[in-house]
Amino acid sequence: SANNDGTFDSLRLDAVPHARYAPLRRLEVYGELPFSYAEREDPANFTIVSNNVTGIGDAFSQLSFEGFSGEDWKILYNLDGVFPTGKHPYRHRVPLGGGHFAAALGQTAMTVIDPVVLFTHLGYQHTFPRRFAVGSVAPGRDIRFRFGGALALNPRVQTTLHVTGDIV
């Protein structure tokens with residue numbers, strides 16, 4: 001991702017290794033630990049200073065259970081967790097993580113219209129408060145939604161387009 005607000009630039013590159021395991025037919029465990037490079041320009045003493053960092057971002061895990069399904073549709077229930085393993089913004093100039101633990105519950109519905117998969121997700125996330133050098137920070141709760149589609153070009157290549165939002 002890249003951003004230029006007219007004065008300052010920021011850039012972030014993420015490589016996200018992940019693992020998926022299904023111990024049961026209707027249960028799946030997923031995890032990811034991003035490796036990131038980020039740089040950001042900041043003002044300092046009437047000049048612009050570029051800061052950069054490389055490291056691990058926040059870890060993410062998900063437990064999914066297939067509640068209902070038909071021939072070409074599924075409804076999944078998700079339990080997500082975010083773990084603050086990345087450099088947080090309360091001590092580091094260029095953060096790689098948010099600095100907070102978070103837990104989320106959600107429901108995902110998907111249907112297949114070959115070769116397209118359409119999906120929608122609705123969930124609730126609670127981000128837990130923590131004490132930092134700047135004081136106690138309590139981000140709170142939000143409702144999350146996502147909808148979109150995936151196009152399978154062949155069994156190994158797919159492309160996904162989705163819209164994501166939060167209502168805090």
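A: In this predicted model, 8 strands form an open antiparallel sheet in the order β3-β4-β7-β8-β9-β10-β13-β14. Strands here are DSSP runs of E, at least two residues long, numbered from the N terminus, and two strands pair if DSSP finds at least two bridges between them.

Q: Which are the edge strands?

A: They are β3 (18–24) and β14 (157–167), each of which pairs on one side only. Neighbouring strands of this sheet are turned against each other by 20° on average, direction ignored. The axes behind that angle are lines fitted to C-alpha atoms, and angles run from 0 to 180 degrees between N-to-C directions.

Q: How many bridges hold β7 and β8 in their pairing?

A: Strand β7 (residues 59–69) and strand β8 (residues 73–83) are paired over 10 bridges, in the antiparallel sense. A hairpin of 3 residues links β7 to β8.

Q: What stands opposite Phe60?

A: Val82 in β8 does. Val82 also stands opposite Ala102 in β9. β8 and strand β9 (residues 102–113) run antiparallel and are joined by 10 bridges.

Q: And how many bridges between β9 and β10?

A: There are 12, again with antiparallel pairing, and β10 covers residues 116–127. In that pair, Gly106 stands opposite Gly123 in β10.

Q: Changing topic: what is the strand order in the sheet of 4 strands?

A: The order is β1-β2-β5-β6, in an open sheet with antiparallel pairing. Its edge strands are β1 and β6 (47–56), and each pairs on one side only. From one strand to the next, the twist averages 10°.

Q: Which residue of β6 is opposite Arg40?

A: Asn51. Strand β5 (residues 35–44) and β6 run antiparallel, with 10 bridges joining them.

Q: Where is confidence lowest, and where highest?

A: Within the protein chain, strand β1 (residues 2–4) is lowest with a mean of 80, while β8 is highest at 97. The score is pLDDT, the predictor's confidence in each residue, from 0 to 100. The mean pLDDT over the protein chain is 92, and 100% of its residues reach 70 or more. Where pLDDT is low, predicted coordinates should not be read in detail.

Conventions: Residues are numbered from 1 along each chain as its sequence is written. This is a predicted model: local features need pLDDT of at least 70, side-chain atom pairs count only at pLDDT 80 or more; totals for chains, interfaces and linings use all residues. Side-chain values use heavy atoms; hydrogens and water are left out.
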